[in-house]
Structure formats: C-alpha cells, structure tokens
Amino acid sequence: MNYDYERNTRKFYQNDETAQRYHAMFMSPKGWRNFPSRVVARRECRAIEDLLTRVPHRTALDLPAGTGKLAAIFAALGTRVVASDISASMLKLAEAEYTRAGCEGATFRVEDATDLANFHDDSFDVVVCLRLMHRVPSALRKRMLGEFSRVAPYTIVSFGIENGFHRARRGVRAAVFGGGRDALCFCSVAQACAELSPEFDVLSRVWIAPALSQEMVFLLRSKAC
Ligand SMILES: C[S@@+](CC[C@H](N)C(=O)[O-])C[C@H]1O[C@@H](n2cnc3c(N)ncnc32)[C@H](O)[C@@H]1O
C-alpha cells in the first residue's frame, strides 16, 4: 500500500472508532501489545515538558491535540491552551482528557494546520506539534511550518527520522505483527533542518526513544520574532 496523506492521515482519524482505538493505544494502561506505544508516549510527554520549561510561555497551541496526550503536562505548567485538530472525533476525546487533567481555561477548535487564518500573528507563545510531520509530505509540511512560525515565536515539533536501523526495525515488526512497513514521510535530520531553516532557528533537538521510535523533537525560534 502506498502512503497517501489525504486518505491515511487527514481523513483517517475523522471517525469515533479510530479515535477510540488511537486513544487506547497510547493512553490505556492495559494490553502488552501497546506497551511500546505507552513507553514512547511517556517519553514524548517528558521531552515536551522539558522543552516547554525552556520557553517563556503562558499560552500554547496544541496542534494536533489528538486525544489529549499532553493535557497533564500543560495542566502541571499552568499553560493556557487552545487544543486543535482537524478531527472532531479526536478532539472530543482530547476535551475529556484536558478536563480530567484539570487544565483550566483550555478551549477546543477544529483547525487545519495548513491554514491557521483563524489565528492572527503571534496569537500564542508556543505551538506544540507532536506526531504529525512524519505523516505529511514535505511541501505541505512547509506550509504548516510557515503557519506555526506566524502564530507563535516558538515552536516545538517532532519529525520522523529515517535511518537503516529503523528501516530494519519496521521490517521485523511487520514480519512479527503483520501490517505495512510503509515509510510514511520520514526524512533525514539534514532534510528536517533544511525544511526548518527558512522559518526557524533550531535551538535544540532530542530523540524521544531512539530504539523504539523514529521521532526527533525540535525546539525552534521563529526568525520573524
Ligand atoms: C498521529 S496523531 C497525533 C496526535 C497527537 N499529537 C499525539 O501525539 O497523540 C495525528 C493527528 O493529526 C491530525 N491531523 C492530520 N492532518 C491534520 C491537519 N492538516 N491539521 C490538523 N490536524 C491534522 C489527525 O486528525 C490526528 O489527530
């Protein structure tokens, strides 16, 4: 199966059943098969919290918020959050998660990361974009990054990094568990930096869990600020 952003990402999460399944995979404390996903989710939260503490901020755009993985982090930091996603089904679960976490003042809006015209320049102190770029083709990614740099002086964004180890890991996983070994929209660190450089200075970059996940998180400052 060839990867298609429209079908496999933009529309894929736009139903309640998929949203529930996604939520269970990362957030449910049960099920051995989901154990690696839960470990990765915990490490993502720790990395984002660490980077957020380095950014002077009171407000944040959590985009895509998914089912609210970062709610507890924002609640602990006292950040005022707008949680957005293109999927109303995902956002419904995010709202429950933000409420459970006690994240006061959070608001929820269906938005498309390629066009944030509903937000004026510098609406937020920071944008957090976790687990989207590796599912988005490069040209569209650049549009999203342009929007992030317009609406906030700082952005924290994860990319999926490709290398030989992860190609082999995907092959083994597909052989053991079945399913595809699609490369999604992974790129090298050099390509990620090249895509970021027109809009941002890279302040820091960290692997989430290099043996389990291809995600690298970048802390960025907009060149416009
Ligand atoms: C893999 S999930 C990641 C969600 C969350 N950040 C997390 O780490 O759990 C990808 C999310 O991106 C959302 N998405 C896809 N295309 C989008 C777009 N153009 N604008 C906003 N959200 C989008 C999907 O609806 C889905 O919730």
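**Ligand site and sheet of the predicted model**

A polar side-chain atom of Lys69 sits 3.0 Å from an oxygen atom of the ligand, a polar contact in the sense used here (a pair of N or O atoms within 3.5 Å; within protein, one must be able to donate a hydrogen and the other to accept it, and residues adjacent in sequence count only if both atoms are side-chain atoms). The model is a predicted one, in which local features need pLDDT of at least 70 and side-chain atom pairs count only at pLDDT 80 or more, while totals for chains, interfaces and linings use all residues. Residues are numbered from 1 along each chain as its sequence is written, and side-chain values use heavy atoms, with hydrogens and water left out.

Asp85 also reaches the ligand: an N or O atom of its side chain is 2.6 Å from a ligand oxygen atom. With Leu130 it is the backbone that takes part, through an N or O atom 2.7 Å from a nitrogen atom of the ligand. On its own the ligand has 590 Å² of accessible area, and the protein covers 98% of that (Shrake-Rupley method, 1.4 Å probe). The ligand has 19 residues around it, of which Tyr22, Pro64, Asp85, Ala113 and Leu130 come nearest (a residue is near if one of its heavy atoms lies within 4 Å). Sorted by class, this shell holds 11 nonpolar, three polar and five charged residues; Ala, Val, Leu, Ile, Met, Phe, Trp, Tyr, Cys and Pro count as nonpolar, Asp, Glu, Lys and Arg as charged, and the others, Gly among them, as polar.

Turning to the fold, seven strands make up an open, mixed sheet, ordered β3-β2-β1-β4-β5-β7-β6. From one strand to the next, the twist averages 20°. Helices (H or I, at least four residues) and strands (E, at least two) are DSSP runs numbered from the N terminus, and two strands pair if DSSP finds at least two bridges between them. Strand β2 (residues 80-85) runs parallel to β3 and is joined to it by four bridges, with Ala83 partnered by Phe108 of β3. Helix α5 (residues 88-101) packs on the sheet against β1 (59-62), β2 and β3, its direction making about 175° with that of β3. Contact here means heavy atoms within 4.5 Å; axes are lines fitted to C-alpha atoms, for helices over the stretch in contact, and angles run from 0 to 180 degrees between N-to-C directions.

Asp122 is not a glycine, yet has a positive phi of about 55°.
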